[in-house]
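Trainee: I have a structure open and would like to go through it with you. Can we start with the backbone and then move to the packing?

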Amino acid sequence: MDYKTTRTTYSIREIKRKIEPIEDGCSAREIMSERLFFSSREISRCKQFEDGVMVKRADDVAYSPIWLKDILRAGDTLKIKIYEDMDNSGDVIPSDEEIDIVYEDEDLVLVNKPGDKVVHPSYAHHLDSLSNALAGYYKKTGQRHIVRTIGRLDRETSGLLIFAKNRHAAALLSDQKDNMSRRKEYLALVDGIPDKKQGTIDAPIGQEEGVRMIRKVMPEGKEAITHYQVEKEFDGYSLVRLHLDTGRTHQIRVHMSYIGHPLLGDNLYGKEIKDSHGMTRAALHAAHLEFIQPITGKELKFDADFPEDMKRLVN
């Protein structure tokens, strides 16, 4: 077998699968593709390494390399190693900033992102992004992973955000993104008290020509659907729970402003608010997330505590 291992690589994930009677007679490629959901590209990549795809036969004590076309029998154990390519690791500089880890396993990290923090390094935020903090966490805990974000949260929004730890997990989590978005819930503090305590905002959102940041409801925009429910009323503002059928940029902020209840602290879509009750960023928090663990298939559900700036307004 001809193996090419000249890149700077290391193994970060090992997956084992015992072949069931119903899978008897399947090839290694079929198991990887149809049972473990590896892409054709990732299957080919695994085979570039001598121990990338191996098998321990039912009556053997050790693993040995296997061709992708080789047939597996019930009782065999297929072992796959996912190698990371450090030549494509990017340039995320580790920082010493603390990071709020909600959940972590071999395949992913779930983070409770602070408000008013960018996710990725940029020209103005080369060292203080959430990705820098996660890279620092990996370094402190002796882990070697490329920083891979699943989904997105804009700078002002706080709450739950997933980072994948390996290529295969990233691909499977990315495949879940549409369904994941529909099972994600946000909490927002909005100006005033909506007359309707629950409802759906179905209004297309677009970008004005020549305006880079700001979005607005416009007939020629893309479909955007937001569902909301008023959770609690306060003196001059409300706590609202929301979930989305679509994922347009600034969708919640645009839609709540469109119905006359912009988010507290929103200096793009709520400039007319007289009192933001001390909020200095849009009061939006990704509070609840449900998704499937990409390798084990286990259903996971998480809630994230309010950040301090919103917590003081709801207690």
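**Loops, cores and salt bridges**

Mentor: Phe37 is exposed, with a relative accessible area of 53%. Keep in mind that this is a predicted model.

Trainee: Where does Phe37 lie?

Mentor: Phe37 is in the loop between H1 and H2. Its phi is positive, about 65°, although Phe37 is not a glycine.

Trainee: Is His250 buried or exposed?

Mentor: His250 is buried, since its relative accessible area is 11%, and the cut-off for buried is under 20%.

Trainee: Back to the other loop. What about Phe38, buried or exposed?

Mentor: Phe38 is buried, at 3% relative accessible area. Phe38 is in the loop between helix H1 (28-35) and helix H2 (40-46).

Trainee: What does Phe38 touch?

Mentor: Leaving out residues up to four places away in sequence, Phe38 touches Ile15, Met32, Ser33, Ile43, Cys46, Ile80, Ile82 and His168.

Trainee: Now the packing. How many residues are in the largest nonpolar core?

Mentor: That core has 30 residues, and Leu134, Phe163, Tyr186, Leu242, Ile252 and Leu263 have the most contacts inside it. Elements giving two or more residues to this core include strand E6 (108-113), helix H3 (130-140), strand E8 (158-164) and helix H6 (251-258).

Trainee: Which element gives the most?

Mentor: H3, with 6 residues.

Trainee: And what does Ile252 touch?

Mentor: Ile252 touches Tyr186, Leu242, Leu244, Leu263 and Leu284, again not counting residues up to four places away in sequence. Apart from this core lies another, of 18 residues, with Ile15, Phe38, Cys46 and Ile82 among them.

Trainee: Changing topic: how many salt bridges does a search of the whole structure find?

Mentor: The search finds 23. One of them joins Glu97 and Lys117, whose closest N and O atoms are 2.9 Å apart. That pair links distant parts of the chain, with Glu97 in the loop between strand E4 (77-85) and strand E5 (101-104) and Lys117 in the loop between E6 and H3.

Trainee: Are those two buried or exposed?

Mentor: Glu97 is partly exposed at 32% relative accessibility, whereas Lys117 is buried at 11%.

Trainee: What does Arg155 pair with?

Mentor: Arg155 meets Asp116 in a salt bridge, 3.0 Å from N to O. Arg155 is partly exposed, at 38%, and Asp116 is partly exposed, at 42%.

Trainee: Which residue does Asp309 bridge to?

Mentor: Arg281, with the closest N and O atoms 2.9 Å apart. Asp309 belongs to helix H7 (residues 308-314), while Arg281 is in the loop between H6 and E15, 28 residues apart. Asp309 is partly exposed at 24%, but Arg281 is buried at 2%.

Trainee: Which residues are linked in a network of salt bridges?

Mentor: Asp154, Glu156, Arg253 and Asp266 are linked in such a network.

Note on methods
Residues are numbered from 1 along each chain as its sequence is written. This is a predicted model: local features need pLDDT of at least 70, side-chain atom pairs count only at pLDDT 80 or more; totals for chains, interfaces and linings use all residues. Side-chain values use heavy atoms; hydrogens and water are left out. A nonpolar core is a set of buried Ala, Val, Leu, Ile, Met, Phe, Trp, Tyr and Cys residues joined through side-chain atoms within 4.5 Å. Buried means under 20% relative accessible area, exposed over 50%, partly exposed in between (1.4 Å probe, protein chains only). Helices (H or I, at least four residues) and strands (E, at least two) are DSSP runs, numbered from the N terminus. Contact means heavy atoms within 4.5 Å. A salt bridge is a side-chain nitrogen of Lys or Arg within 4 Å of a carboxyl oxygen of Asp or Glu.
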